[in-house]
Amino acid sequence: MRISVIGSGYVGLVTGICFAELGHDVLLFDNDPAKQRALQQGVSPIHEKYVPELLARHRGARLTFSSSLAESVDKSDAIFIAVGTPPTVNGEADLSYVESVARELAASIKDYKIVVGKSTVPVYTSEWVRRIMQLNGAPAGLFDVASNPEFLREGTAVTDFLYPDRIVIGTDTPACEERLRRIYQPLADGTYYERGDAVPPPKAISGPPPLISTTAKSAELIKYASNAFLAMKISFINAVATLCESVGADVEQVREGIGSDSRIGRQFLNPGLGYGGSCFPKDLSAYRAVARECGYDFRLLEEVMRINNEQRERFLRKVRHALWTLKGKRLGVLGLAFKGGTDDVRESPAIAVIRSLIDEGCRIQAYDPAATANAREILGDASIQYMNSALEAATGADALLVLTDWDEFRSIDLGRLHDVLHYPIVIDGRNLYDPTTMADWGFSYTSVGRADVSRGVGVQKSSVSTPGPAQRNSDADVVKVP
Ligand code: UGA
């Protein structure tokens, strides 16, 4: 099948190279000449596992690039729209890029095409695209509009595409459905998984993914509802974590206890600093706005967002609690990206926390395995130093803050970490370490939804006794000086 993908951001690029990997001829369109040039030279503009390898495998053969929309339409049977849908000031999704692509596509359609929405869009978008294309001269019988939402996570986007839990195709005509089924056939019939050169599966797979065929409107709702549900799971466990802190329970034990129920499941129940990234925060606001417009006040989503914002505030309170005053303190920071495995800092909880700490007079020395350049563009260089390793970030610091769940941080040498910190205080917003191990190593360790521990003392209930600075116990209003 000949496929064009309009937009080569995270979603468009991964979609394009994965379609090429499935054996299709793909034309990737982008109107940013610098991005086009980089891709043509085989340079991936994003930090994403397997993208460089698949780019090298297919570039110039099954994967070509174009900056002409007319050519993209002409040379394809299916056109996937994967342009950005950033939030407006009201929290709605800004669909102006989608609209302008639809307008331009209309002029070039000469034989039957399917136009498929990949961008995350509100319900009714397919209908609008159809209407805009007709208004701009595309003959009604020569095209169909479909919705084919993506469920790709940054960091694992390629394997999420090739080994999905399900494929959702939302179409309103049999011809369109048939074309989309053919595009996904190598995944749906499992032939891709038999190939010797297939990208390795992330985990053992039990069989090919189900292909769920729905109407376009249902598919659009599936996308928003999936993201909202996952965000709700995260806020739920964060609320449970807060309760655990109040009563002295351990959220990791509670998570195990509830996550083992197959109706609930373990995934997306990791407590921490709350969700960030370019999807959940934007999609929850947009979903709520869409619901309101359709006459439903989806107040549950408001609460999910409130709990999420509160997580960062709670973390900042923990930092103040552990260090008493913040002005002039030197803090080591592990992680700038919104989660491990990506260089993306959009809506990163780490960036929000660092900003607040800088505002309160802290000096930051931060390390991230991939996101430093992107973070520097936002945070600049005043009050923050970008380091080359986790241990370098910790060296001489009054405390170490863990803000992103990179695997590299899990395996840090705790003995050396203890040696290089000025005070052995670790405040972990991602629960990367075992509290007992941290106490054994001599750290004062604060995490999320688990009791604080300090050196040689094992588990304490709700305060941290530090080997360094004087510390204020906010509950009892007592100042402890170790
Ligand atoms: C998310 C969805 O997981 C994808 O299915 C979806 O396709 C994508 O949005 C999108 O709409 O394009 P992504 O934003 O890349 O993917 O990252 P996630 O792995 O979902 O993580 C989102 C945020 O939630 C991160 O800040 C992460 O640290 C946080 N998170 C995740 C938790 O705090 N706890 C968890 O248990 C899981």
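C244 sits at a relative accessible area of 5%, so it counts as buried (buried means under 20% relative accessible area, exposed over 50% and partly exposed in between, with a 1.4 Å probe and protein chains only). C18 is buried too, at 0% relative accessibility. As for disulfides (pairs of cysteine sulfur atoms within 2.5 Å), the count comes to zero. C18 takes part in none, and the nearest cysteine sulfur, on C279, is 16 Å away.

All this comes from a predicted model, in which local features need pLDDT of at least 70 and side-chain atom pairs count only at pLDDT 80 or more, while totals for chains, interfaces and linings use all residues. Residues are numbered from 1 along each chain as its sequence is written, and side-chain values use heavy atoms, with hydrogens and water left out.

Now for the ligand. Around it are 19 residues, of which E150, E154, K223, N227 and N270 come nearest (a residue is near if one of its heavy atoms lies within 4 Å). The shell is made up of nine nonpolar, three polar and seven charged residues.

Oxygen atoms of the ligand also pair up with N or O atoms of the protein. A polar backbone atom of E154 is 2.7 Å from a ligand oxygen, and for a backbone N or O atom of F338 the distance is 3.0 Å. K339 brings in its side chain, with an N or O atom 2.9 Å from an oxygen of the ligand. On its own the ligand has 700 Å² of accessible area, and the protein covers 93% of that (Shrake-Rupley method, 1.4 Å probe).

Conventions:
A polar contact is a pair of N or O atoms within 3.5 Å; within protein, one must be able to donate a hydrogen and the other to accept it, and residues adjacent in sequence count only if both atoms are side-chain atoms. Ala, Val, Leu, Ile, Met, Phe, Trp, Tyr, Cys and Pro count as nonpolar, Asp, Glu, Lys and Arg as charged, and the others, Gly among them, as polar.
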